[in-house]
Every structure is written in structure tokens, then in C-alpha cells.
Amino acid sequence: MPFTRLATATTPTCHLGLGLAAVARPGYINLGRDTDLGDNRSVDALRTRTHELLDAAYAQGVRYFDVARSYGRSEEFLADWLKTHPDIDDVVIGSKWGYTYTADWTTDAERHEVKDHSLQTYERQRAETDQLLGARLDLYQIHSLTPDSPALSDKELHARLAEAAAQGLTIGFSTSGPAQADTVRAALAVTVDGEPLFRTVQSTYNVLETSVGPALAEAHDAGLTVIVKEGMANGRLVAGQAPDAVRAIAEETGLGADAVALALVLRQPWAGVVLSGAATAGQLASNLHAAVVDLDEDQLSRLAALAEEPGAYWERRGQLPWH
């Protein structure tokens, strides 16, 4: 698996990744984007911002980069950056298929993305991804599986994914919604010719939403690499939004609330890669301090008390506006 490249890395930040969901399209649901991105959200402005973030992330030891077909021009921006750095061969590149970006580079679209986990969508988006990333693509994930997704039972799709795996592509999936744990366990049962299909899982886990933790531990024990997304709860755990306990612990550690929040995720024994969704270089640097935060038992207990009921967490997430 390509993630063996991370196992040989020695930087303290090698298990932190950078996701481009927040910077490769003008609209997203993260809190604070009006301040983070400002008014100029042209293609060229966000391309430049993305490249600056990739430069900073790589220089600070980050070795996993995460994009998706629905993240605006994320694959394009990443592909451009890789072409200008042909000497960089120690990164792992992951993308996702299953959502189509439909906002046409606006922030007020009626629908920003459309979900479709059919074989036809896979074939179309795989060709689009291949055109941009080609052999640099290491991991291709089904985007946001839920228990009712047809991708969990589509045998023809499974066969096509297994063919891609046989050709060297790692196949994974991401999850979303209050039933993430059920989704993970259902996906672990998917096999082709007696062999597990999926080798990675990417799920939402953070101070406020911990319900998928036991299922991710099972996935790790089954040999999957676990990638954690939305560790900042779409901005709810940054300094200005974070609960009092998170801010108090940040003051105790001398680092940011964001570093504390991500440190909680990093210390989980099953966490292989934890994503930063930073939109600025300053946010990225602060996020990466998570690698040196040492939480004691009292602090861990105070953070554990903040976990919300999954239904309530996802209902609030669903109400976040696209900025």
C-alpha cells in the first residue's frame, strides 16, 4: 500500500494530511471562510492559495494530500502543483468519486454537489481523475458512503474496483452521517473473490463526534488504514467557536484550540492519517502543532465530556451555510 511511505517518514507531522475541500472551490460549509478567503475567489486566486498551502505543508513534513471530484478544481490544482515539483516522490495522493460538483464556481448555487454512487459515475469520474492525476493517484475512495448506498451491494461496481486494485490502485471509502459506524462495518464485509475490497476508510471523528471510534478500531484491526476528516468539526473547534473546555486546555498547553482538537484525534491508536482542512498558511502551521500536544488524563476526560449525540451533531452540520 502507498501508505508504507508514511511509515518510513520521520517528521512529527508525517501522519497529518492536507485536504483541499476548503480552498479549491469558492463555497464551502466551514465557519469563518469569509475572513479566511476574502472577496477574491477567482480560479487563479484559489489556485495560487492552494499551491502556497501545498508548498507550506510539504515543507513542514506533511506527506498525504486529499482531494475529490466534487471539491471544485482540487484535482486540477494538485495536479498542477505536482507537475511543478517532479522531484517530489514521497507523497501519497488520495481522491474520491461519487459526488459531482455542480456549483459552477459560485457560492450561492441551489445545489453545490450531486451524489451518485453508480457504476456509470465511477467510470466517468475515474476517467476524469486519471486525465488529471494519472499515475500520481494512489488512493481512490467512494465519497461519503451511508448504510443505504447502492455501492455497498453493487457487485458489478465491486468487480470494477477490484480490477483497479489489481492494477495497483488502493481502493477505499469515506463515510458521513450519524450511522458512520454501521457503514464502516458493512463495508468491511464487502469482498471480491473472497478478498476484502477496501483497504482504507476515511471518517468524520472529532471532539464533538466520536461515535465511529469503535468501528474505526475494528477497521484498523482488519488491516485498513484509517484517515480522519473534519477533525475541526467544520470550524466549530477553532478558537472563536470552540467550547470553553477546549479553549481552557489550549491555554494550558500554550497552543491553539485547533491543535488541541486535532491532538485528540492523533492520539487514537487506530488513526493513520489526520487531515487538516486549513484555508490559510497560519491555520496550517497552527494545526500542525497538534503533533506536539501532550494531553494528560484530566484534559482527555474534559474533552470526552464534550461529545454530542450523533443525530444532533449531524443535524447541526447539515444546517451550516455554504459561505
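Author: Please note that this is a predicted model. Two packed helices are described by the angle between their axes and the distance between the axes. Here, the axes of helix H5 (residues 119-133) and helix H6 (residues 155-166) come within 9 Å and cross at roughly 25 degrees. Angles under 35 degrees count as roughly parallel, and therefore H5 is roughly parallel to H6.

Reader: Which residues in H5 meet residues in H6?

Author: On the H5 side they are Leu119, Tyr122, Glu123 and Arg126, and they meet Glu156, Leu157, Arg160, Leu161 and Ala164 in H6. By type, the residues of this contact of H5 with H6 divide into five nonpolar, no polar and four charged.

Reader: Let us turn to a single residue. Is serine 95 buried or exposed?

Author: A residue counts as buried under 20% relative accessible area. Serine 95 has a relative accessible area of 0%, so serine 95 is buried. Serine 95 is found in strand S3 (residues 92-97). Leaving aside neighbours within four places in sequence, serine 95 is in contact with Val67, Ala68, Arg69, Glu75, Thr129, Leu137, Leu139, Tyr140 and Gln141.

Reader: How many cavities of 30 Å³ or more does the count give?

Author: The count comes to one cavity of 30 Å³ or more. The largest cavity has a volume of about 30 Å³.

Reader: Which residues line the largest cavity?

Author: The lining consists of Ala233, Asn234, Arg236, Tyr313, Arg316, Arg317 and Leu320. These lining residues divide into three nonpolar, one polar and three charged.

Note on methods: Residues numbered from 1 in each chain as written. Predicted model: local features only at pLDDT ≥ 70, side-chain atom pairs only at ≥ 80, totals over all residues. Heavy atoms only, no water. Axes fitted to C-alpha atoms, helices over the stretch in contact; angles between N-to-C directions. Helix = DSSP H or I, 4+ residues; strand = E, 2+ residues; numbered from the N terminus. Parallel < 35°, antiparallel > 145°, perpendicular 65-115°, else oblique. Contact = heavy atoms within 4.5 Å. Nonpolar A, V, L, I, M, F, W, Y, C, P; charged D, E, K, R; others polar. Buried < 20%, exposed > 50% of the residue type's maximum accessible area, 1.4 Å probe, protein only. 1 Å grid on protein atoms, 1.4 Å probe; cavity = no way out; pocket = protein on both sides within 12 Å on 5 of 7 lines; lining within 4 Å. Points joined across faces, edges and corners; volume = space filled by probe spheres on them.
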